[in-house]
Amino acid sequence: MSLDLKTVRRVASLARLHLEEGEDQRLQAELNGILGWIEQLQAVDTTGVEPLSGAGGTAMPMHDDVVNDGGKAEAVLANAPDRVGEFFAVPKVVE
Amino acid sequence: MNPTDFTIRGALEALNEGLVTSEALTQAHLEAIAALNPRLNAFITVTAERALEAARASDKRRSDGIVGKLEGIPLAIKDLFCTEGVRTTAASRILGNFTPPYESTVTANLLRDGAVFLGKVNLDEFAMGSSNATSAYGPVENPWKRGNDDGTTLVPGGSSGGSAAAVAARLALGATATDTGGSIRQPAAFCGIAGIKPTYGRCSRWGVVAFASSLDTPGPVARTVEDCAILLESMSGHDPKDSTSANLPVPDFAAACARGVKGLRIGVPREYRLEGMPEEIEALWQQGLAWLRAEGAEIVDISLPHTKYALPTYYIVAPAEASSNLARYDGVRYGARVGGEDLKDLYERTRAAGFGDEVKRRIMIGTYVLSAGYYDAYYLKAQKVRALIKRDFDEAFGKVDAIVTPATPSAAFAAGEKQDDPVAMYLNDVFTVTANLAGIPGMTVPAGYDRQSLPLGLQVLARDFDEETVFAVSATIERAANLTKLPQVRAFA
């Protein structure tokens, strides 16, 4: 499978990455190099193999459904690029 | 003897006997950093004042009879661990002004045991790289030079290049690091020091900037196997804040270093013999096996048939998880922001300006392999091959107690090499990446030199949560190798 420019631009949009002029072509070449190399996996017979999503063998633990932290608005907002009161501020989304 | 030449074990004894204070140890390291860091660029942030305050507080505790397991030991912290009140960048522009309001569990454990933090050390951006060249804060220089010293600057490896270079050059007694595909073991090998990636789940990931969550593993680097054992014991332990943290007791890892290998069965996987691998790597491997045999181990040929598929599997799984983890950098809650016409434009411009090229490449690959229509062909396929790689190890560990391989396919290479071909750079991790996919512990132990007198390491692997066997085998190799060369660039040289 090889990526065309349209797909590169669509993936960049999905990934929320702005591409400069010409960057799509450079990425296309690099990504196709990497994907071409990854292609060798298709040669592995995985019939009947259960996918492994993580190395941790144990089941996810449950915890009590209680409040155990919070009330730290100032700490949470301390690194915000922009804020209004106790809220993160962003450009207007709804006209 | 310069205080910067202590091992951690030696420094703990000297502190106990009152031969040195933590303040003097810390001061010596800060002087070494001031002298050498402008050249090596191992530290992104040096916290001199904080370190001296912490050292004096440690000396006070000691005089009051309160002595932690790492009381007064100066360490470097990879700039991927969140440290309360100290800037944490992940070597990325996007986190250039990020000051965490909390402490990671691993660093909190070290502080609990009395460690002193000298500062935050350099890495590849978001731990994505094998040469420390992708850092937004500049590359790190390997303190080792080729024997003919042709003036070439060598890379320290990556991603924990700053950790490894700082410890090798004696700017810290030890350092925290993380390993997602080899990021502890490859730089340790390139810089001639020891480093262990423990079993996935042994050290909490809480407060470590996430790259690929099913693979990311915190661990230590230090100049001896025993020092790694001492650090790992402090860093480990169950953490309810990381749902994949193992609820298991932490053994006395340092004691395991003295166990020896008598009666152990050591596996030698034939698939790790690569075409074109330098002769000296093969010779080192055979030498390591001979040492172990002489100490009473039995050497057994084994097969790990899916080894060659590990790297391509990794380069689907890791970017997929990274693309998801790095979605949080949106210019809204923390990190840098670049304004845009609307919210989507703000996201896109913020991320384009904040991330470097390698990070963007991996986000793009990850987004693609997870996107509709390609998920089964790439991501699901990779997860199935991952299962086969794990099965290979499960079967091997039915026959052997540990596996010994080379740590890297070459010694440290020159800065600028392999920059133009991402796949050539990825091949650095060919021997290390399998342990991350399977979750098992792996350690680099320095074992010899190449013909240019550059350090080479061997890798020791063992079963899940059997770091004790890793330490037993590694310490045996270390004792037999009895290496004495020091890097040319080092404190008070």
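How high is the average pLDDT of chain B, and what share of the residues score at least 70? Chain B averages 96, and 100% of the residues score at least 70; pLDDT is the predictor's confidence in each residue, from 0 to 100. This is a predicted model, so to speak: local features need pLDDT of at least 70, side-chain atom pairs count only at pLDDT 80 or more, and totals for chains, interfaces and linings use all residues. Residues are numbered from 1 along each chain as its sequence is written, while chains are lettered from A and ligands numbered from 1 in the order in which they are written. The model scores are ipTM 0.95 and pTM 0.97.

**View 1. Chain B as a whole.** Chain B holds 16 helices and 11 strands, counted as DSSP runs numbered from the N terminus (helices: H or I, at least four residues; strands: E, at least two). Its radius of gyration is 21 Å, close to the 23 Å that the globule rule gives for 493 residues, so chain B is as compact as a globular protein of that length. That radius is taken over C-alpha atoms, and the rule is 2.2 Å times the number of residues to the power 0.38. The C-alpha trace spans about 65 × 55 × 50 Å along its principal axes. Of the 493 residues, 62% are buried (20 or more other C-beta atoms within 10 Å of the residue's own; exposed means 12 or fewer, partly exposed is in between, and C-beta atoms are placed from the backbone).

**View 2. The side of chain B that touches chain A.** Here 50 residues of chain B are in contact with 39 residues of chain A, a contact being two C-beta atoms, placed from the backbone, within 7 Å. The elements giving two or more residues are α10, α11, α12, α13 and α14 of chain B. α13(B) gives the most, with 10 residues. By class, this side has 26 nonpolar, 12 polar and 12 charged residues (nonpolar: Ala, Val, Leu, Ile, Met, Phe, Trp, Tyr, Cys and Pro; charged: Asp, Glu, Lys and Arg; polar: the others, Gly among them).

**View 3. Strand β9(B) and A402(B).** All set for the inside: 5 of the 5 residues of β9 (residues 402-406) of chain B are buried, so the strand is largely enclosed by the rest of the structure. β7(B) runs parallel to β9(B), joined by 2 bridges, and I266(B) stands opposite A402(B). β11(B) runs antiparallel to β9(B), with 5 bridges, and A462(B) is the residue opposite A402(B) there. Strands pair if DSSP finds at least two bridges between them.

View 4. E295(B) sits in the loop between α9 and β8 of chain B and is partly exposed, with 16 other C-beta atoms within 10 Å. T476(B) is 181 residues away in sequence, yet 8.0 Å away in space, C-alpha to C-alpha. D464(B) lies in the loop between β11 and α16 of chain B and is buried, with 21 other C-beta atoms within 10 Å. Leaving out residues up to four places away in sequence, D464(B) touches T199(B), G439(B) and I440(B).
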